[in-house]
Amino acid sequence: MINLDIPGFAKLEIEHIVLDYNGTLALDGNLLPGVGKLIMELSEDVQVHVLTADTLGQCEEELSGLPVKIHIINGSPEDQAKLDYVNTLDPAKCACIGNGRNDMLMLKEAALSIIISGAECMSMKAARAADLVATDISNALGVFTHPVRLLTTLRN
């Protein structure tokens with residue numbers, strides 16, 4: 001668990017990090033460099049989940065060998081399916097990271113949410129639901145390996 005008391009924001013007790021795949025962890029279906037190492041490091045403190053429609057069909061192969069729970073979203077609306085999954089974990093104990101419109105509801109409900117503004121861009125509707133914007137997944141995951149970054153960014 002990652003515990004952090006951020007004045008003016010929240011007392012966080014993060015047990016789960018929930019990640020979108022394409023546009024967040026991957027580009028064009030391929031896991032971005034360095035992501036596997038960060039997931040390994042984070043998995044020592046939290047459970048890592050990956051939610052995806054797996055549009056390009058590469059998620060399971062790309063994440064094989066990593067300590068993640070993969071959940072393939074079937075059907076629509078995808079945003080509701082992702083939120084339903086997060087609700088099974090308890091949103092108050094979740095940090096969610098995504099970039100797309102289908103991430104908006106889980107970002108809105110999570111204790112902490114980060115949107116990625118990377119090569120695939122980001123949905124502005126989802127961005128409005130997020131607490132933080134990161135330029136890439138390494139920076140986003142880095143706030144959990146160095147939690148004082150959350151404190152300095154979110155305190156008031």
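**Salt bridges, burial and packing in a predicted model**

Student: Where does Asp20 sit?
Tutor: Asp20 is in strand E3, residues 16-20. Helices (H or I, at least four residues) and strands (E, at least two) are DSSP runs, numbered from the N terminus. This is a predicted model in which local features need pLDDT of at least 70 and side-chain atom pairs count only at pLDDT 80 or more, while totals for chains, interfaces and linings use all residues. Residues are numbered from 1 along each chain as its sequence is written, and side-chain values use heavy atoms, with hydrogens and water left out.

Student: Why is Asp20 called buried?
Tutor: Buried means under 20% relative accessible area, exposed over 50%, and partly exposed in between (1.4 Å probe, protein chains only). Asp20 has 6% relative accessibility, so Asp20 counts as buried.

Student: Which residues does Asp20 touch, leaving aside its neighbours within four places in sequence?
Tutor: Contact means heavy atoms within 4.5 Å. On that basis Asp20 is in contact with Leu25, Leu51, Lys82, Ile97, Gly98, Asn99, Asp103 and Met106.

Student: What makes the pair of Lys82 and Asp20 a salt bridge?
Tutor: A salt bridge is a side-chain nitrogen of Lys or Arg within 4 Å of a carboxyl oxygen of Asp or Glu. The closest N and O atoms of Lys82 and Asp20 are 2.9 Å apart, and the pair forms a salt bridge. Lys82 in helix H3 and Asp20 in strand E3 are 62 residues apart, so this pair links distant parts of the chain.

Student: What is the N to O distance between Asp103 and Lys82?
Tutor: The N to O distance is 2.5 Å, and the two side chains meet in a salt bridge. Asp103 lies in the loop between E8 and helix H4 (104-109), 21 residues from Lys82 in helix H3.

Student: Are Lys82 and Asp103 buried or exposed?
Tutor: Lys82 has a relative accessible area of 1% and is buried. Asp103 has a relative accessible area of 0% and is buried too.

Student: How many salt bridges does the structure hold?
Tutor: The structure holds 3. One of them joins the side chains of Lys93 and Glu13 (3.4 Å, N to O). Lys93 lies in the loop between helix H3 (78-89) and strand E8 (94-98) and Glu13 in strand E2 (residues 10-14), so the pair ties together parts that are 80 residues apart in sequence. Lys93 is partly exposed, at 22%, and Glu13 is partly exposed, at 30%.

Student: Which residues of helix H1 are buried?
Tutor: In H1 (residues 35-42) they are Val35, Gly36, Leu38, Ile39 and Leu42. Seen down the axis of H1, these residues fall within an arc of 165°, so they line one face of the helix. The arc is that of the directions from the helix axis to the C-beta atoms. The buried residues of H1 pack against E3, strand E5 (30-31), strand E6 (47-52), strand E7 (68-72) and helix H6 (137-145).

Student: How many helices and strands are in the chain, and how do you know how compact the chain is?
Tutor: There are 7 helices and 10 strands. The radius of gyration is 14 Å, close to the 15 Å that the globule rule gives for 156 residues, so the chain is as compact as a globular protein of that length. The radius is taken over C-alpha atoms, and the rule is 2.2 Å times the number of residues to the power 0.38. Of the 156 residues, 47% count as buried.
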